[in-house]
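Take a look at the model below. Then read on for its overall build and its aromatic rings.

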Amino acid sequence: MTITPTAIPDVCVITPRVREDTRGYFIETYSEQRYRDAGIACAFVQDNESCSMKGVLRGFHYQRPPFAQAKLVRVLRGAVLDVAVDIRRGSPTFGQHVAACLSAENKQQLFIPHGFAHGFLVLEDNTIFSYKCDDYYSPQHECGIRWDDPTLAVQWPRLDVAFVLSAKDERQPFLSDAVLFEC
């Protein structure tokens, strides 16, 4: 696998080694030892999966301590624009974001550490999105930030369909009013 740092060093794109032949392909999607050797030392405890239509926008979501979650995300079918926002007050990259196009075709993963809000826009119908988390879901610790907060300046691509958000995501606070992480 190849680990590529992003503009925010704690977030990285992981490109697995793909072995292809006439039968299809094989990839190792996770190895605790290899990821630990690459600086991703998480004990993942929960896997989640969603299936969404083109235009669905999920996020920005995170959990506050003591149930903060690091995530390792990937797409099994379709494509998304995946975005991680640094919400660590005092961080030199606070309020900045990184985005990566993850698809079944490129087989890339994004590692999102604690202290980041996470969201994605579905670019193809019937996209299956999968992620590993290093802590369990805790509804009492769930938080979010508006997907269209102008201070974040996320450049969501224009699609030929309208964005579809949950009622919860439509009501999330702006970054200035959100519960944040302290560095």
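The report starts with the whole chain and then turns to ring pairs.

This is a predicted model, in which local features need pLDDT of at least 70, side-chain atom pairs count only at pLDDT 80 or more, and totals for chains, interfaces and linings use all residues. Residues are numbered from 1 along each chain as its sequence is written, and side-chain values use heavy atoms, with hydrogens and water left out.

**The whole chain**

The chain holds two helices and 15 strands. Both are DSSP runs numbered from the N terminus: helices are H or I with at least four residues, strands are E with at least two.

The C-alpha atoms fill a box of roughly 55 × 40 × 30 Å along the principal axes. The radius of gyration is 16 Å, which agrees with the value near 16 Å for a compact globule of 183 residues. That radius is taken over C-alpha atoms, and the globule rule is 2.2 Å times the number of residues to the power 0.38.

Of the 183 residues, 49% count as buried. Buried means under 20% relative accessible area, exposed means over 50%, and partly exposed lies in between (1.4 Å probe, protein chains only).

Now consider contacts, meaning heavy atoms within 4.5 Å. Among contacts with a separation of 6 or more, 81% join residues 24 or more positions apart.

There are 19 positive and 23 negative side chains. Lys and Arg count as positive, Asp and Glu as negative; His and the chain ends are not counted. The centres of the two sets lie 3 Å apart, with each charge placed at NZ of Lys, CZ of Arg, CG of Asp or CD of Glu.

**The aromatic rings**

A search of the whole structure finds seven aromatic pairs. Rings of Phe, Tyr and Trp (its six-membered ring) pair if their centres lie within 6.5 Å; planes under 30 degrees apart are stacked, over 60 edge-to-face, and the rest tilted. Two of the pairs are set out here.

| Pair | Centres apart | Plane angle | Type |
|---|---|---|---|
| Tyr30 and Phe44 | 5.4 Å | 80° | edge-to-face |
| Trp147 and Phe163 | 5.6 Å | 70° | edge-to-face |

Tyr30 sits in the loop between β4 (24-27) and α1 (32-37), and Phe44 in the loop between α1 and β5 (46-52). They are 14 residues apart. Tyr30 is partly exposed at 25%, while Phe44 is buried at 16%. Ring pairs also link Tyr30, Tyr35 and Phe44 into a cluster.

Trp147 and Phe163 both lie in the loop between β14 (142-144) and α2 (167-170), 16 residues apart. Trp147 is buried at 19% relative accessibility. Phe163 is partly exposed at 27%.
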